[in-house]
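This briefing goes through one protein model, starting from a single residue and moving out to the fold around it. Keep the sequence and the structure in view while reading.

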Amino acid sequence: MATMAAIVECREDAFRKIFKFYKRRIPPPNFSDVFDFSKPMTSDKVVQVKIDPQAVSDGDAARVGLQPVRDWRVFNLKGYPGFIFITNPFLRGSQAYWVRQCLKTYPRKPNVCNLDMHMSPSDTQDIWAKSVCNLSRPDGKREPKTLLERLRWVTLGYHYNWNSKTYSANHYTPFPAELRLLSHQIAAACGFPGFSAEAGILNYYRSDSSLGIHVDESELDHSCPLLSFSFGQSAIFLLGGTQRQDPPTAMYMHSGDLMVMSGQSRLLYHAVPRIVPAPQEVAVVEQSSWGSDQQECVSQEDWAVCSEYIQSSRINVTVRQVLGQSQSFPETPLREEHQAEGEDRSKRRKGVYSPQQT
Ligand code: SIN
């Protein structure tokens, strides 16, 4: 007779097995099957492609901190049509600006973050300022964890409702203009010139965090791509299929790397089982005076906080277009919407987007 453990094992889907494999601490997993786009590729599953260098002018790319498109290293993966991986296309030093935005600017009100779930708006108004005060206490008597260290997610634009798994017209604040522009240039370079950044989810990972298996399907128009940016420490990213039975492909996402999930790859299962230290040879985020008229450069003081943070953490930003052209939200009875917002987040349905960071 099969033991209970064996039955559970049999019922487990292929994605979950591989997720658990890479998440395991003792003994550590073998990483030899993980694709590393920053290294010369030997696998015939990986195809380096050229994208139209004229889709974005060098000036427009530089304005958001990107190298000229002709210099980008862009890859497709066989079996995943519409999946695009771009190895760090940022200009030297420009990632520091985006890291500062993710840590200092985007967590500010009116944006929404995990700490709002159990703290008052006045306490979470400026997480950065509160954390910096604590970090630099001369007596060394810091709080055990700063708010910045307790930050797990921030939402931008149409704020994702984790309970109802929806966006709504009633819960919107202006999407940051510079991130909209960065997203626009990347989408245009990848063949989506009409992309409009309407919602963002920032995930903040500590070295022991992971993100559960999910599909990003709450947006109303899936013909629009989903963009993903990573900064700081590296991650193992798993890209699966449309079924949990489809075994996923594992790849590293290093600082500055971009992913575009579009076409048939827009609705695939994916997850982050593990954060791994950034390898020495991969360009880590460094400070510079990068910044243009619109982009305020990163001060020494800000950089001291950002660099300490990313030495042990990873930040991922996903940018989504929620509505198709001339599409609007379906009517939702107001009462239902408020009920959903007030629900306990632990009742989240599994599978769709809910970053079960552990
Ligand atoms: C990631 O952190 O790379 C993935 C984030 C997501 O799937 O939303």
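**A buried glutamate**

E219 counts as buried because its relative accessibility is 2%, below the 20% cut-off. The model is a predicted one.

**Surroundings of E219**

- E219 sits in the loop that links β7 (211–215) to β8 (226–232).
- The side chain of E219 makes a polar contact of 2.5 Å with the side chain of Y167.
- A polar contact of 2.8 Å connects the side chain of E219 with that of R320.
- Beyond four places in sequence, the residues in contact with E219 are Y167, R266, R320, Q321 and V322.
- β7 pairs with strand β12 (residues 270–276) in the antiparallel sense, over two bridges.
- Within this pairing, H214 lies opposite H270 of β12.

**The nine-stranded sheet**

- Nine strands form an open sheet with antiparallel pairing, in the order β1-β2-β3-β11-β8-β13-β6-β5-β4.
- The edges of this sheet are β1 (46–49) and β4 (112–113), each of which pairs on one side only.
- Strands β2 (residues 73–77) and β3 (residues 83–87) are antiparallel and share four bridges.
- F75 has F85 in β3 as its bridge partner.
- β4 is joined to β5 by two bridges, again in the antiparallel sense, and C113 stands opposite V154 in β5.
- β5 is largely enclosed by the rest of the structure, because five of its five residues are buried.
- Strands of a sheet pair through backbone hydrogen bonds, either parallel or antiparallel.

- The buried residues of α4 include Y97, W98, R100 and K104.
- Helix α8 (residues 177–189) lies across β5 (153–157), β8, β11 (258–261) and β13.
- α8 runs at about 115 degrees to β8.

**The protein as a whole**

- The protein has ten helices and 14 strands.
- Of its 358 residues, 53% count as buried.
- Among contacts with a separation of 6 or more, 78% are between residues 24 or more positions apart.
- The accessible surface is about 16,700 Å², and carbon and sulfur atoms account for 53% of this surface.

**Confidence of the prediction**

- The average pLDDT of the protein is 88, and 83% of the residues score at least 70.
- Residues 336–353 have a pLDDT below 50, and the model gives this stretch 41 contacts beyond near neighbours in sequence.
- Residues 1–5 have a pLDDT under 50, with one contact beyond four places in sequence.

Conventions
Residues numbered from 1 in each chain as written. Predicted model: local features only at pLDDT ≥ 70, side-chain atom pairs only at ≥ 80, totals over all residues. Heavy atoms only, no water. Buried < 20%, exposed > 50% of the residue type's maximum accessible area, 1.4 Å probe, protein only. Polar contact = N/O pair within 3.5 Å; in protein donor to acceptor, adjacent residues only side chain to side chain. Contact = heavy atoms within 4.5 Å. pLDDT = per-residue confidence, 0-100. Pairing = 2+ DSSP bridges. Areas by Shrake-Rupley, 256 points an atom, 1.4 Å probe, with all protein chains shown as cover. Axes fitted to C-alpha atoms, helices over the stretch in contact; angles between N-to-C directions.
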